[in-house]
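Hi everyone, thanks for letting me go today.

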Amino acid sequence: MTAERRPLSRTALAWMMVGEWRAHPGRVATAALAIAIGVALGFAVHLINGSAQNELAQAVRTVNADADLQVHSSTPLGFDEGLYPSLARAPGIAAASPVVELRARFGVGPSQSLEGGGLTLLGIDPLRAAAVTPTLLGRGAVRAAEGAGGFVPESVFDPRAIALSPAALAASGRKVGETVTLTAAGRTVTFGVAGVLSQASSEQQIAVIDIATAQWLFGSLGRLQRIDLKFAPGADPQAVQAALRARLPADAQIVTAQSEARRGDNLTKAYRVNLEMLALMALLTGGFLVYSAQSLSVARRRPQFALLRVLGLERRGLLAQVFVEGALVGGVGAVLGLALGLGVAVGTLKFLGGDLGGGYFRGTTPDLVITPLPALIFFVLGLAAALIGSLLPAMEAARAQPGIALKDIGDRNDPDARPAAWWGVGLLAAGTLAAFLPAIGGLPLFGYLSIGLMLAGGVAAMPWLARVLLSPLRGPARRVLVLDLAIQRLWGAPAQAAVALCGIVASTSLMVAMAVMVASLRGSVDDWLNDILPSDLLFRVESGGFDPALRAKLAAAPGVDAVLFQKTLPVRLSPDMPPLILLVRPVDRDQPADKLPMIGAVAQAPAGVTPVWLSEPAARLYGRKVGERMILPLGGGSSQVFIGGIWRDYARQAGAIAMDGADYTRLTGDDLRTEASLDLAPGVTPAQATRTLRALLPAPLAAQVQFFETRQMRALALRLFDSSFALTYALEAIAIVVGLAGVAATFSAQTLARTKEFGMLRHVGVLRRQVMAMLAAEGALLGAVGVIAGLGLGLAMSQVLIHVVNPQSFHWTMETRLPLGLFASLAVALVAAGAGTAVLAGRRALSGDAVRAVREDW
Amino acid sequence: MSASSPVLSLTALRKSVPGGRVLFEGLDLQVAPGEIVAVMGESGVGKSTLLNLIAGLDQADGGQVAIDGTALQSLDDDGRTRLRRDRIGFVFQAFHLLPHLTLAQNVALPLVLQSVEAGEATRRATALLDAIGLTRRANDRPAQLSGGELQRVALARALVHRPALVLADEPTGNLDPETAARILDLFVAQVRGFGAAAILVTHSERAAAVADRSLTLTREGLVAHHDG
Amino acid sequence: MARRLKRVGLALLAALLMAAAPDAPVMPVFPPVRPDQALRFPADHGAHPDYRTEWWYVTGWLKTQDGRDLGFQVTFFRSRLSVDQRNPSAFAPKQILFAHAGLSDPKLGKLLHDGRMARQGLGLAQAKVGDADIVIDDWRLARGPDNRFQARAKAADFTLDLAFAPSQPVLLQGDRGFSRKGPLPSQASHYYSLPHLKVSGSVIQGGRRVKVTGEAWLDHEWSSTLLDPKAVGWDWVGLNLDDGGALTAFRVRDAAGQTVWAGGSLRAADGSTAHLGPGDVSFGTERVWRSPRTGGRYPVQRELVVRTPTGERRWRLTPLFEDQELDSRRTGGPVYWEGAVRAPGARGYLELTGYVSPLKM
C-alpha cells in the first residue's frame with residue numbers, strides 16, 4: 001500500500017459543517033428545534049409526573065405516619081372497635097393505635113364547591129399514637145406532657161383540642177390558641193387549635209383530635225376506620241400479617257405502606273403513561289423532521305460529498321461527517337429541550353398542578369423533583385432521534401458512486417424506478433398485529449407499539465403511496481402545462497416527495513388519531529351524561545342523609561313529578577386497588593336498563609341472591625363477567641352477590657358497583673340516602689322546586705343540603721372534561737406546528753435545490769409566473785397527498801387508541817365519532833401551507849441569475 | 001518514454017456501459033513520471049469513464065490499472081480512496097469548488113484530508129495561490145471569481161499535495177478561447193514544475209499540442225493521434 | 001380526566017344517626033375521703049374509680065441466687081380526668097392508668113426504669129373494682145385466691161416477675177386507714193400498707209433469668225384532694241425492721257423546705273402500733289446528691305428521728321447508691337427519686353418528690 005491509514009480529518013469535518021450551517025442556518029435551527037420540542041415535552045411531562053408521584057407518596061406517608069402496618073376499613077362506615085384489642089394482643093405486635101378517619105372541612109353548612117372538603121380528620125389516642133405514629137402528635141400536646149412536676153397531663157386528652165397540619169392551619173386562617181369550626185359527618189363542632197403537626201407533608205390538610213371526641217361528636221361510636229400497628233422487634237412481618245389476617249373481619253383489610261403507595265400509583269399510572277407516550281410521540285415526530293432535514297441536506301450536497309470522495313475521503317469519513325452533523329443538531333436540540341422542559345414543568349406545576357389538570361391530586365402543588373437520570377435518558381432519546389434521522393441519509397450518501405454523483409445535477413431521480421411497498425406494508429401489518437396483544441401490567445404498551453409501527457409503516461410506504469395517489473392524475477397531457485410539470489415531477493421523484501411528506505404525515509396522523517379519540521370520548525360522555533342525568537334537579541347532602549320518612553315527604557312535595565334517591569360510598573375490594581364506588585339506587589332486578597346505561601347482555605340473578613351491576617371499569621379491573629358471583633364486604637360481614645350486568649361509566653375510573661337500595665338497606669341496616677334527582681312537574685322551575693324542598697327539610701339538614709340544576713352539572717362536567725384534555729390539545733397543537741414548520745422547511749429546501757431546474761425552464765421560455773404556478777401546484781398536491789395519507793393513517797391509529805389503549809388503560813369503551821369539521825380545516829390548512837411555502841421558497845429561488853444557476857453545479 | 005518505472009500502467013483494459021455496449025477493450029497505456037499525455041476522442045467514446053477507472057472511481061470489466069506499480073483491483077474501496085488522496089490530483093471541466101469554503105480552504109482540502117494540520121495546510125495553499133497569480137485572494141469565496149480564476153484555483157487544488165499523477169477532464173471546456181489558452185499554459189507549466197505526470201482529456205487540438213504525447217480513444221483502445 | 005366527574009354527585013360519608021353534640025358538659029364529682037369510712041378487704045384492695053387519684057406501690061429488696069442485693073419498685077397509678085361524663089365512647093378518657101417499674105442494681109450505679117400509660121377501656125387497660133387487679137397491656141398487678149399478689153412488668157431493659165406473700169396483717173395508716181396529708185381535714189387519703197411481704201420469683205436482666213427472694217412493702221392509697229396548695233412535694237420512707245417491725249414516716253414540704261404536714265406509724269413485731277403526728281417525725285439531711293440529668297438536688301442520706309410514746313428512735317438512712325432518680329414524664333408521671341435505702345437493723349425505700357419542680361396531683 002502506498003498510503004498508510006490516517007485518522008479521519010477533523011479539519012475537513014469542521015470546515016464542511018461550519019460552511020453548511022453558515023449557508024443554511026434556518027434549516028439547522030428547525031431540525032434542532034424539532035428535537036428540542038420533542039425532548040422538552042417528554043421531559044416536562046416526566047418531571048411533572050415524577051413530582052406529582054413524589055407528592056402522592058409523601059402524602060400517603062404522612063397520613064399513615066410511620067406505622068409498619070395498617071388495617072383499614074373497606075368502607076367509610078368503618079369496622080367494629082372490638083378488632084382493636086384483638087389486634088393489640090396479636091403476637092408480633094408491639095403497639096396498636098386506633099384511628100377514626102373522616103373527611104371534613106372548615107366552616108359551617110354545605111361546601112361551596114362540588115368537590116367537598118379536602119381535610120382529613122383523624123381521631124387518635126395520643127397515648128397509643130406516641131408509640132406507633134408520633135408524627136400525628138401535635139407540638140403543643142408533646143410540650144404539655146413535659147412538665148416535670150405533673151402527673152397525668154390532662155391537656156393531652158382535651159376533647160376540644162385540635163392539632164392541624166401546616167396546610168390545614170393555613171386553610172383555616174387561624175393561629176394556635178384560636179378556635180376553629182369544623183364540619184364532618186353532618187356535624188359542626190368548634191375546637192381550640194392546640195398544636196401544629198409540624199412533620200406533616202407541607203401540602204396536606206390534616207386535623208387531629210381525640211379519638212373519643214371523634215367517635216362521639218361525629219357519629220362513629222363503636223366504629224374505627226383504621227388501626228396503625230408497630231411490629232415487635234424481631235417479628236417476621238409476613239408471619240405477623242398472616243396471623244392478623246385470620247383475625248380480620250370482612251370489612252377490614254391489611255394495608256402496608258407499599259400497598260398504599262401502589263394503590264395511589266395504580267390510580268394514575270395509566271394516565272401518566274398515556275401522557276408520557278404522547279410526549280414520546282412528539283419526540284418521534286421531531287425525529288422524522290430531523291430525518292427530513294438531514295436527507296434533504298444530504299441530497300442537496302450529494303455532489304459536494306462526491307467531490308470529497310474523489311479527493312480522497314473514505315466512506316467511513318463521509319458517514320462520520322453526516323452522523324456528527326446529526327449528533328450536533330440532536331445534542332444542541334436535546335440540551336435546549338431539557339432547559340425548555342424544565343421551564344414548562346415549573347410553569348405547569350405552578351398553574352395547572354401536578355396532574356396536568358387531570359384532577360387526581362386535589363389541592364396540592366408539588367415541589368419539583370429533578371433527578372439526573374431521566375434528564376440523561378431524554379437527552380439520549382433526543383440524540384438518538386437525530387442520529388437515526390441522519391443514519392439513512394448518511395448511508396445513502398456513502399453508498400453513492402462518487403463519479404456519477406459528482407456530475408449529478410443536484411436532484412437525482414429515476415422516474416422509471418418503482419418504489420417498493422413491502423417495507424411499509426410489513427410495518428403496517430406488524431402494527432396491526434401488535435394492536436391485538438394484551439396489556440402488560442395494566443398498561444397498553446403493545447397498543448403504543450402498534451401506533452409507533454403504524455406511523456413508521458405509513459411513512460415508509462409514502463413513496464409508493466404518493467405514486468399510487470398521483471397515478472390517476474398522470475394520464476394524457478392536459479392543456480395546463482404547469483400542472484403536468486408538477487405531477488410529472490412528484491410522480492417521478494417519489495422518494496423526494498416522501499421526504500417532504502413524512503413529517504407532515506407523522507404529525508397529521510397523530511393529530512387525527514388524538515382528535516378522533518377525544519371526539520369519540522367526548523361524544524360518548526355527552527350521551528352518558530344524558531343517560532345518568534336525565535332529570536331536572538339534583539340535591540345532595542355530604543354527610544348524614546335522608547331517612548325513609550323524609551324521603552316520602554320530599555317525593556310528595558308539590559311540583560315534584562318523580563324523584564330518585566341514591567347514595568354512594570367507597571368500598572375497598574383489594575388493598576392494592578383504589579376503592580370503588582358503591583352506587584345505591586332503586587334498580588329493578590328485571591329491568592336494570594331503566595336506571596343504568598347497560599351495555600351487553602344482562603343476566604337474571606337466582607332467587608335469594610342479591611344482584612349487583614358493575615360499571616365497565618369495575619368489570620375490567622377486577623376481571624368479572626356477567627353471571628358470576630363475587631363477595632362484597634358490607635355491614636360488618638361479607639355478602640355473596642350476583643353480577644347481573646355491565647353498565648357504561650366514565651366518571652369512576654376505579655370502578656363502581658350499582659346495588660338496589662332495598663338490598664343495601666337489608667344488608668347494612670343503613671336506610672339513609674344522600675343524593676336525589678328530581679323530575680319537575682311541567683311549569684315548575686328548578687328555583688321554585690329548590691325553595692319548596694328546602695322548606696320541607698328539617699333545620700339542621702337543610703343547612704347541609706346542596707342543590708344543583710342538572711343543566712349546570714352537565715355543562716360543568718363537559719367543562720371539566722375539556723379542561724382535563726387541555727394538555728392533550730396543547731400537545732397536539734405543538735405537534736402540528738412542528739409538523740408545519742418541518743413542511744415549510746422541507747419545501748423551501750427542495751425548491752431552492754431546484755434553482756437550476758427553474759433556470760433551465762426560464763431558458764426554454766417558461767414564464768416566471770408559470771414556474772410559480774407549477775410550484776404552488778406541487779405544494780398543494782403534496783399537501784393533499786399528505787392529508788389523505790395522514791387522515792388514513794390517523795384513522796387507523798385512532799381505532800387503536802379507542803379499542804386498545806383506552807379500554808386497557810382506563811377500562812372504558814366508546815363509539816367512534818369523526819370530527820369532520822376539524823378534518824376539513826386540517827386539509828385546507830395543509831394544502832394551503834404546502835402551496836404557500838412552495839411559492840415563498842420559489843420566489844427566492846427565482847430571484848437569482850438564471851444563467852448563472854445553469855452554469856453552477858451547486 | 002522514460003526508462004524509470006511508469007506512474008500509470010493500463011493493461012488490456014475493458015469497459016462497457018450498463019446497456020451492454022462496449023466502450024473499449026484491450027486498452028494499454030504506460031505513463032512515465034513527469035509525462036503529459038493528451039487523450040482525445042469523440043463525445044461518448046468513454047474518455048471520462050477512462051479517467052474514473054484510472055482514479056479508482058469506477059470498476060473495469062477486465063484488464064488492470066496500476067498506479068506506481070500498485071494494482072487498483074488489489075485494493076478495497078478505502079485503499080483506493082487513500083491511493084487517490086495521496087497520489088492523484090483532479091481538475092474538472094466544471095471546477096467543482098465548494099461554495100462555502102474560502103479559496104485557500106478549497107485548495108487546502110487535499111492536504112486536510114491527509115490530516116495535515118489546518119494552519120499549515122492553508123499556509124501552503126495560500127502560497128500556491130500566490131504562485132498562480134491569485135495573490136491576496138485566499139480568503140475570497142468562489143462566488144466572487146470568474147471562470148478562468150475558478151479553474152486556476154482548481155489547478156492549485158490538484159497540485160497542492162504534490163501528486164504523482166494529475167487527471168484533467170476538459171479543464172478548458174467552460175472557458176472562452178483566450179482564457180482557455182492561458183489556463184492551458186499555466187497547467188503545463190505547473191504540472192511540469194511539480195514534476196507530476198498528467199492525463200489531459202480534451203477536445204481541443206490546441207490543448208493536445210502542449211502534451212508530450214497525444215492519443216485518441218477508440219473502441220479498440222488508444223491510438224497515436226495524428227493531426228487532420 | 002373524566003374521573004373528576006366522580007366528585008360530581010358523590011357524597012363520601014355514610015353516617016349513623018347520633019344525638020346532636022351536647023351543650024353543657026357533665027363534669028365528674030370527686031368524693032372526699034371521710035374518716036368514718038371503714039376499710040373492708042379484699043374489696044378495698046381493688047380500685048376506687050370515683051376518687052381522683054389512686055396508686056398501688058410495691059417496693060422492696062431482693063437477693064439473687066448469688067447473693068447480690070437489688071432494689072425494685074412496681075407502681076400502678078389510676079387517675080380520673082375532668083372530662084365530660086356523657087361521652088359514651090369506649091375511648092372516653094375518664095380513667096387513665098399508668099405504671100412505673102424500676103430496678104436498682106448497684107453494679108450499674110443507676111436506676112433502670114420504664115413505664116406504661118393508657119386510657120382505661122376495651123380490656124387493654126383496666127383497674128378492677130372489688131379486688132386488686134390492674135392491667136395495662138402486658139403489665140399487671142393482681143391478688144390471687146391464695147392472697148398472694150402477682151406483679152409482672154416487662155420493661156425495656158429488664159422484666160420483673162414477682163409474687164408477694166403477706167406475712168403480717170394489713171397495716172391501716174392514720175386513723176383506721178384515714179391518713180391526713182395536710183392541715184385541713186379534707187387533705188387526706190385512704191391509706192393502708194402491707195409490710196414484710198415475702199418475695200419470690202425472678203428478674204430477667206440482659207436476657208438472663210435470675211431467681212430472687214426478698215422482702216417488700218405494698219402501699220395502697222386513694223384520694224381526691226391530697227395536698228395542701230402550699231405543698232410542693234414530700235419525703236416518704238417505709239422500713240421493714242429486722243425484728244419484724246414496720247416504720248412508716250412522711251413529711252409534706254412547702255417551697256421553702258418547711259414541713260407542712262408529717263405523719264407515719266411504727267408497728268412493733270407484736271402488732272402494737274404507734275401512730276405518728278406532725279410533731280413526731282423529723283428528717284435531717286446528711287448528704288445531697290445532684291442529678292446530672294435534671295439538676296434536681298436530692299437529700300439522699302437522712303437522719304430520721306421518730307418520737308414514739310416509748311421514746312425517741314433514730315435511723316440513719318443510707319441509699320443503696322445515689323442515682324436512683326426516676327424520670328417518668330414519658331408515661332404520665334413526675335421526676336422523682338425512689339430508692340432502696342438501708343439503716344442499722346432495717347431495709348426499705350425512700351421516696352423524694354417535688355425536688356425538680358413542684359408536684360401537681
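Okay, let's start where the two chains meet. The contact is made by 26 residues of chain A and 31 residues of chain B. On the chain A side, the elements giving two or more residues are helix 1 (10-23), helix 10 (302-310) and helix 13 (402-407). Which of them gives the most? That's helix 1 of chain A, with 7 residues. If you sort the chain A side by class, you get 13 nonpolar, 7 polar and 6 charged residues. And keep in mind that we're looking at a predicted model.

Now let's go to a strand in chain A. Strand 5 of chain A covers residues 161-164, and Ala161(A) and Ala163(A) point one way while Ile162(A) and Leu164(A) point the other. Are these residues buried or exposed? All of them are buried.

Strand 5 of chain A has partners, too. It runs parallel to strand 7 (residues 187-196) of chain A, with 4 bridges joining them. With strand 8 (residues 206-210) of chain A, strand 5 runs antiparallel, joined by 2 bridges. Follow Leu164(A) and you'll see both pairings: its bridge partner in strand 7 of chain A is Val196(A), and in strand 8 of chain A it is Ala207(A). As a reminder, strands of a sheet pair through backbone hydrogen bonds, either parallel or antiparallel.

Over to chain B. Here 6 strands make an open sheet in the order 6-7-8-3-9-10, with mixed pairing. Strand 6 (88-91) and strand 10 (221-224) of chain B each have a single partner strand, so they stand at the edges with one side lacking a neighbour in the sheet. On average, neighbouring strands of this sheet are turned by 25° against each other, direction ignored. At one end, strand 9 (residues 213-218) and strand 10 of chain B run antiparallel, joined by 4 bridges, and there Thr216(B) stands opposite Val223(B).

Last stop is helix 4 (residues 118-131) of chain B. Its 14 residues, at 1.5 Å a residue, should span 20 Å, and the end C-alpha atoms are 20 Å apart, so that agrees. Its buried residues are Ala121(B), Thr122(B), Ala125(B), Thr126(B), Leu128(B) and Leu129(B). Why do we say they're on the same side of helix 4 of chain B? Because they cover an arc of only 165° around the axis. They pack against helix 3 (103-113) and helix 5 (147-159) of chain B. The face turned away from that buried side carries Gly119(B) and Glu120(B), which are exposed.

Terms used
Residues are numbered from 1 along each chain as its sequence is written. Chains are lettered from A and ligands numbered from 1 in the order in which they are written. This is a predicted model: local features need pLDDT of at least 70, side-chain atom pairs count only at pLDDT 80 or more; totals for chains, interfaces and linings use all residues. A residue is buried if 20 or more other C-beta atoms lie within 10 Å of its own, exposed if 12 or fewer, and partly exposed in between; C-beta atoms are placed from the backbone. Two strands pair if DSSP finds at least two bridges between them. Two residues are in contact if their C-beta atoms, placed from the backbone, lie within 7 Å. Ala, Val, Leu, Ile, Met, Phe, Trp, Tyr, Cys and Pro count as nonpolar, Asp, Glu, Lys and Arg as charged, and the others, Gly among them, as polar. Axes are lines fitted to C-alpha atoms, for helices over the stretch in contact, and angles run from 0 to 180 degrees between N-to-C directions. The expected span of a helix is 1.5 Å times one less than its number of residues. The arc is that of the directions from the helix axis to the C-beta atoms.
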